[in-house]
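This report covers charged side-chain pairs, strand pairing and aromatic contacts in one predicted model. The sequence and structure come first.

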Amino acid sequence: MSSNITRRVVLRGTAVAVAGVALAAPTAMAATRGAMTGMDHSGHTGHGGPQPFDEMYQGRHIVGKAAEAGSMSAHHGDGFSVFIDDRELHIMQNGDGTWISIVNHYLPLADPYAIARAAVDKLRGAELVPMMMNMAH
């Protein structure tokens, strides 16, 4: 009895396996990111919101804290501000609880801490340029 396995059958099976891994990877990454940041599956901490932070990351000073009156985040109603080297990073919270920034607009992350670190990575040493907004409506 001969085997009917051809190179085409093997390649098709490999392509299906690769597609399955590619589709599962974002979900696995999100779950890992949530576990690393103390977030539950909905993107919220058990402490009523993002936790403040203040640290050096890759030679940059990153700070996250409750938004102050007049900040971009207070203007948008997000209630939390992120700074890189004393310059405010424009961040926004999505409806699903994830966060994005002006630097990583298409990369939703679990919390402002992850957003600050991702922005530093993306900037690669470049200065964060302040975003000019018309705050009067």
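The model contains three salt bridges, a salt bridge being a side-chain nitrogen of Lys or Arg within 4 Å of a carboxyl oxygen of Asp or Glu. Side chains of opposite charge can pair when their charged atoms come close. The table lists the pairs.

| Pair | N to O distance |
|---|---|
| Glu 55 and Arg 117 | 2.8 Å |
| Asp 85 and Arg 60 | 2.5 Å |
| Lys 65 and Glu 68 | 3.2 Å |

The salt bridge between Glu 55 and Arg 117 links distant parts of the chain, with Glu 55 in strand 1 (residues 53-57) and Arg 117 in helix 3 (residues 112-123), 62 residues apart. Helices (H or I, at least four residues) and strands (E, at least two) are DSSP runs, numbered from the N terminus. Glu 55 is partly exposed at 23% relative accessible area, and Arg 117 is partly exposed at 27%. Here buried means under 20% relative accessible area, exposed over 50%, and partly exposed in between, using a 1.4 Å probe and protein chains only.

The salt bridge between Asp 85 and Arg 60 also links distant parts of the chain: Asp 85 sits in the loop between strand 3 and strand 4, and Arg 60 in strand 2, 25 residues apart. Asp 85 is partly exposed, with a relative accessible area of 26%, whereas Arg 60 is buried at 7%. For the pair of Lys 65 and Glu 68, Lys 65 is partly exposed at 30% and Glu 68 is partly exposed at 48%.

This is a predicted model, in which local features need pLDDT of at least 70 and side-chain atom pairs count only at pLDDT 80 or more, while totals for chains, interfaces and linings use all residues. Residues are numbered from 1 along each chain as its sequence is written, and side-chain values use heavy atoms, with hydrogens and water left out.

Strand 3 (residues 80-84) is mostly covered, with five of its five residues buried. In a regular strand the side chains alternate between the two faces of the sheet. Phe 80, Val 82 and Ile 84 point one way from strand 3, and Ser 81 and Phe 83 point the other way.

Strand 3 runs antiparallel to strand 2 (residues 60-66), and five bridges join them; two strands pair if DSSP finds at least two bridges between them. Among these contacts, Ala 66 has Phe 80 as its bridge partner. Strand 3 is also antiparallel to strand 4 (residues 87-89), with three bridges, and Val 82 is partnered by Leu 89. Strand 3 and strand 4 form a hairpin with two residues between them, and Asp 85 in the turn has a positive phi of about 50°.

There are two aromatic pairs. Rings of Phe, Tyr and Trp (its six-membered ring) pair if their centres lie within 6.5 Å; planes under 30 degrees apart count as stacked, over 60 as edge-to-face and the rest as tilted. Phe 53 and Phe 80 form a tilted pair, 6.4 Å centre to centre with 35° between the planes. Phe 53 lies in strand 1 and Phe 80 in strand 3, 27 residues apart. Phe 53 is buried at 10% relative accessible area, and Phe 80 is buried at 4%. The rings of Phe 53 and Tyr 113 have centres 5.1 Å apart and planes at 75°, so this pair is edge-to-face. Phe 53 lies in strand 1 and Tyr 113 in helix 3, so the pair ties together parts that are 60 residues apart in sequence. Tyr 113 is partly exposed at 25%. Ring pairs link Phe 53, Phe 80 and Tyr 113 into a cluster.
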